[in-house]
Amino acid sequence: MSEKKGLMHSLGKFVFLVKRKIKKARLKASGKPQYTVNQLKIFQQLQPGDLILGKMPMSDRKLYEVPDGHRHRPYLVLRKNKKTVTCLQGSHKQYSDDKETFKTTIPNFGQYDGESYFSTLEYYEIPIENINKLIGSLSETQKQALERKLLIMESASRHVTHLDRMDQVIRIGDIIRSKNRLYLITNDRDNIPKGYALSERKIRNSFAVTVDSVQYYADLHDYKIFNPAEIQLTGAIPKNKISDLHRFVSNGAFVGVGDIINVKNQYYYVFKTLKNEVQVYPLSDRQSANTIKVNFSKKELYLNPRKIVRFSDLRRDVVVYRANEKMRKYININRKKIAVEEKKKTL
């Protein structure tokens, strides 16, 4: 009986393959494209985030092994190419790992009605002739959720498949990787992610972050502005810690005596920190009486110890630089000299 079944299977497969071959040959001989006018219309209007029903992109031999009712599946469009769309393949069954799965709802769609699951581990190239119909589209919120999942799951080399919305989904509190270094995003103004490097070495007044069970500390002296195309999203701090991060950065808790900060493109030297206040000397490119020369950031700047500026609430995007020990000693010695000379003048 099993031999008979095997023979029938082989015969059915042979007939299926011959029919497919003849159909393709006729299309090729006619000079017409393999897709219909309706399929082309659907393809032309497709956008990233659209849901389509399409035939599985398999060879004829493999396609025959798939049961007839399962040869068409829902696909989630990530990118449109010249003659194909890059997609995630859907299933009405949940995949084993929820972290690797994007879940959405496709209403009024037969066996896929309700929840559908799309694995982010594998991409499929669906040609125009495999597209059956447009089912619907993800909402803006769902697109952002999908983009974040793709950013976390993929390596940086595969960013090309994304929805071209990377700059809009990087948020404050995200942990990213750039050039094999981890960073904590603390600012997302104007859709330009900015943040601080993470170090395993504990730094004074630093903000603690856990990544893959390893404790890191935000090095708030190492501040960077990122090109979204060059970063990889690896995770995020818990939502209940976001307000702590806002408060920590905005209060300037990371600023220490001897640091040089940049606020609104103006440099300042920190000489005193209080509970809710930072006291600084402004650095200028103009030399005047009793100023102290400071070589910093490839510039020749001058510190005037008679001018004092106080910050009670530093902006979130203040940039902090670690002044070296030689510079600190040099400035402190000269400050004391100037203070002594000022005192002599008043006597």
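## The chain as a whole

Among contacts in the chain between residues at least 6 apart in sequence, what percentage join residues at least 24 apart? The share is 61%. Keep that number in mind as you explore this predicted model, since several of the residues below give examples of partners from separate stretches of the sequence.

The chain contains 7 helices and 20 strands. Of its 347 residues, 44% are buried. Its accessible surface comes to about 20,400 Å², and carbon and sulfur atoms account for 49% of that area.

## Asp50, a buried charge

Let's begin with Asp50, which sits in strand β1 (residues 50-55). Is it buried or exposed? Asp50 is buried, yet it has no salt bridge. The nearest side chain of opposite charge belongs to Lys143, 5.9 Å away, and a salt bridge would need the charged atoms within 4 Å.

Which side chain does the side chain of Asp50 meet in a polar contact? That partner is Ser137, at 3.0 Å. Setting aside residues up to four places away in sequence, Asp50 also touches others, including Gln45, Tyr75 and Leu134.

The structure holds 4 aromatic pairs. One of them joins Tyr75 and Tyr124: the ring centres are 6.2 Å apart and the planes meet at 65°, so this pair is edge-to-face. Tyr75 belongs to strand β2 (residues 72-80) and Tyr124 to strand β6 (residues 124-127), so the pair links distant parts of the chain, 49 residues apart. Tyr75, also named above as a neighbour of Asp50, is buried because its relative accessibility is 0%.

Tyr183 and Phe226 make another edge-to-face pair, with 4.9 Å from centre to centre and 70° between the planes. Tyr183 lies in strand β9 (residues 181-187), while Phe226 is in the loop between β12 (214-225) and β13 (232-236), so the pair ties together parts 43 residues apart in sequence. Both residues are buried.

Now find Gly90 in strand β3 (residues 84-91). Gly90 counts as buried because its relative accessible area is 0%. Tyr117 is 27 residues away from Gly90 in sequence, but their C-alpha atoms are 5.4 Å apart in space.

Where is Tyr35 found? Look in the loop between α1 (2-30) and α2 (37-45). With a relative accessible area of 23%, Tyr35 is partly exposed. Beyond its neighbours within four places in sequence, Tyr35 is in contact with Leu40, Ile128 and Glu129. Tyr35 and Asn130 are 95 residues apart in sequence, with 8.0 Å between their C-alpha atoms.

Note on methods:
Residues numbered from 1 in each chain as written. Predicted model: local features only at pLDDT ≥ 70, side-chain atom pairs only at ≥ 80, totals over all residues. Heavy atoms only, no water. Helix = DSSP H or I, 4+ residues; strand = E, 2+ residues; numbered from the N terminus. Buried < 20%, exposed > 50% of the residue type's maximum accessible area, 1.4 Å probe, protein only. Contact = heavy atoms within 4.5 Å. Areas by Shrake-Rupley, 256 points an atom, 1.4 Å probe, with all protein chains shown as cover. Lys, Arg positive; Asp, Glu negative; His and termini not counted. Polar contact = N/O pair within 3.5 Å; in protein donor to acceptor, adjacent residues only side chain to side chain. Phe/Tyr/Trp six-rings, centres within 6.5 Å; stacked < 30°, edge-to-face > 60°.
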